[in-house]
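Here is a short briefing on a protein structure. Take a look at it, then read on.

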Amino acid sequence: MKSKFSITRRAILAGTAALALLLPAGAALAGTVKVAAIYTLPVEQQWISRIHLALNAAKDRGEIDYVFSENVANTDYERVMREYAEQGVQLVVGEVFGLERAARKVAADYPETGFLMGSSFGPVAPNFSVFDNWIHEPSYLSGMVAGASTESNVIGMVGGYAIPEVNRLMNAFMEGARAVNPEVKFLVNFIDSWYDPPKAKESAFAMMDAGADIMFAERFGVADAAVERGVKAVGNVIDTSADYPNTILTSALWHMEPTIDRAIAAVAGGTFEAADYGQYSFMSYGGGSLVVDKTLVSAEVLAEVEATETSIMEGMFRVNVNDDRPVSDK
Amino acid sequence: MMDILQILLSESFWAASLRIATPLIFGVLGALLCEKSGVLNLGIEGIFAAGAMCGWMAVWLGAGLWGGVLVAALAGAFFGLIHGILTVPLGLSQHVSGLGVTLFATSLSYFTYRTALPTVTSPPRIEPFRALDIPILSDIPFLGPVVFQQTAMTMLALAMVLLVWYVLNRTALGVALQAVGDNPDSVDAQGLSVYGLRIGAVMAGSALMALGGAFLTMSAFDAFFFGMVNGRGWICIALVIFASWKPGKALLGALLFGAFDALQVRLQTEVGAMVPGQVFLMAPYVLSIFALVVAARRAEYPRALLTPWFKGQR
């Protein structure tokens, strides 16, 4: 009995050791990539929900093991990055707008781990890739719809923080509106919070008091205010038309699937390297799209928008990238 | 300049001011009750979050809007009880305990929310309180649209100002409550329970604070989200000093802050191109600090504030 037991134990030890050695390779062969996401806000937040959605889809297809930490403070972010890297996660997805330099230092300490981070800056070899919500193209198109639809020629815009990724979309929206309606005036406000709907609502009310008849709803709360006053709104990043019936004229949507799927494939194939994934949020890659409520927008406006959309898809029209803080026309 | 005058004279501006002030009115009254009894309650920020989550969750589960208000108040009272036990009979540091309650209540609220709703992709919504249209009163020029076309919770907040004033100044309970915050020994000599009065006041005050949070998720908006309290609780702690622990002045302070905030939103769109937006966002806080500096010189602190009292010790 005794000898039998010792053999068994040895076998278990050997087996465990072999397993530990083979596991990463085995996982890669089986096609399940270990992915961890780190978010600074809850997964309901618009921007984050798009990443969460794409990762969950990959998980449902059986391509990845997906774990995530939400609501991680920027000051705690490095620690969480390190923990996942130490655990042998192969791809860490997240957002480093609040810790650009520090996150790159962490990545340098774990060259075997792939990092795909939302960032305002560039990639760093060998393993730090970046993405962002480059949906300035559909934003421009949604601006065309708004510019053609406004009757008071005043459009209100409530933003979170005036950071490049927010400014860029707002500027594209404004340019699109001005392209079809040179008379249009903008009211612009930032609430300096990603999620304070009561405050966003108050900003929206103030703009509607000042004559705005279309609201650019960059934040939760703006469309709610629009519904209460019976004016129209334009969505951003997510499609909220079901929540606000008869209110959302059009929305510029962001799709993270093209970005996420490419990164997962690269990790699975062992070819992941530092790159800028930003372009996969462009319309031509399916990373951005426009949805229009056809019952609220006239056919001729729609035709004009669709013509521009085709030009963008064909590469014949390029929407300007302008990261400057947008300001009111007053 | 004409623009600013026009804004200040508009009904919609003052209606917005009262709307923004409503959660602060609840919060300042709550902080006032706690401090009147001698207990500083820095749990306020977390109790706001707990009230916001519990009230919203109760409505979402089908308790009805007023049921949600009740649940929020009970949740607030529960955290008040924790803070009360830690600071009154145990006599622990009111600062540390209060901050602990804030961290605990905030995290527990979000933990409960996420445990109950693990897979939501956009925050679930409820049907919130709608703006009232009280016959006759709503038709009064200016005052009608500003005061009487608000939601029921704003009415409740205004009613609470009267109630707290009445209890503090016209009832025996109010006299005892003020005494326990000024001179607990005298209350003890009267044969009243210092512990009971203080814990009771902290619980009642915390219930009011929780209503401030509930206003955010059940009246100002229709969904709960982590971090949406966004510092409103802390403002109340400052406003209560501005108010010199008087309910009427508490209302005034909350309205003043609401007006500053409503004004900055409007100025940001009016002259936003010339001045950085952060200046406007900062303005309500700077002006509050300024008002505080002026008002605090004459503030009458409850004399036993922050001082623990133990039975049998002099």
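**Where the chains meet**

The contact takes 30 residues from chain A and 28 residues from chain B. Two residues are in contact if their C-beta atoms, placed from the backbone, lie within 7 Å. The model is predicted: local features need pLDDT of at least 70, side-chain atom pairs count only at pLDDT 80 or more, and totals for chains, interfaces and linings use all residues. Residues are numbered from 1 along each chain as its sequence is written, while chains are lettered from A and ligands numbered from 1 in the order in which they are written.

**The side of chain A that touches chain B**

- At least two residues each come from α2 (46-60), β7 (185-190) and α7 (197-209) of chain A. Helices (H or I, at least four residues) and strands (E, at least two) are DSSP runs, numbered from the N terminus.
- α7(A) gives the largest share, 9 residues.
- By class, this side has 14 nonpolar, 7 polar and 9 charged residues. Ala, Val, Leu, Ile, Met, Phe, Trp, Tyr, Cys and Pro count as nonpolar, Asp, Glu, Lys and Arg as charged, and the others, Gly among them, as polar.

**Chain A as a whole**

- Chain A has 10 helices and 11 strands.
- Its C-alpha atoms fill a box of roughly 90 × 40 × 35 Å, taken along the principal axes.
- Of its 330 residues, 52% count as buried (20 or more other C-beta atoms within 10 Å of the residue's own, C-beta atoms being placed from the backbone).

**Domains of chain A**

- Domain 1 covers 27-131, and domain 2 covers 136-254 + 286-313. These bounds come from an automatic or database domain assignment.
- The C-alpha centres of the two domains lie 30 Å apart.
- Each domain of chain A gives 8 residues to the contact between them.

**The largest nonpolar core**

- This core has 195 residues. A nonpolar core is a set of buried Ala, Val, Leu, Ile, Met, Phe, Trp, Tyr and Cys residues joined through C-beta atoms within 7 Å.
- A:M215, B:V28 and B:L239 have the most contacts inside the core.
- Helix α10 (residues 194-220) of chain B supplies the largest share, 17 residues.
- Leaving aside neighbours within four places in sequence, B:V28 is in contact with residues including B:C236, B:L239 and B:A254.

**Helix α12 of chain B**

- Of the 25 residues of α12(B), 19 are buried.
- At 1.5 Å a residue, this helix (residues 247-271) should span 36 Å, and its end C-alpha atoms are 36 Å apart, which agrees. The expected span is 1.5 Å times one less than the number of residues.

Conventions. A residue is buried if 20 or more other C-beta atoms lie within 10 Å of its own, exposed if 12 or fewer, and partly exposed in between; C-beta atoms are placed from the backbone.
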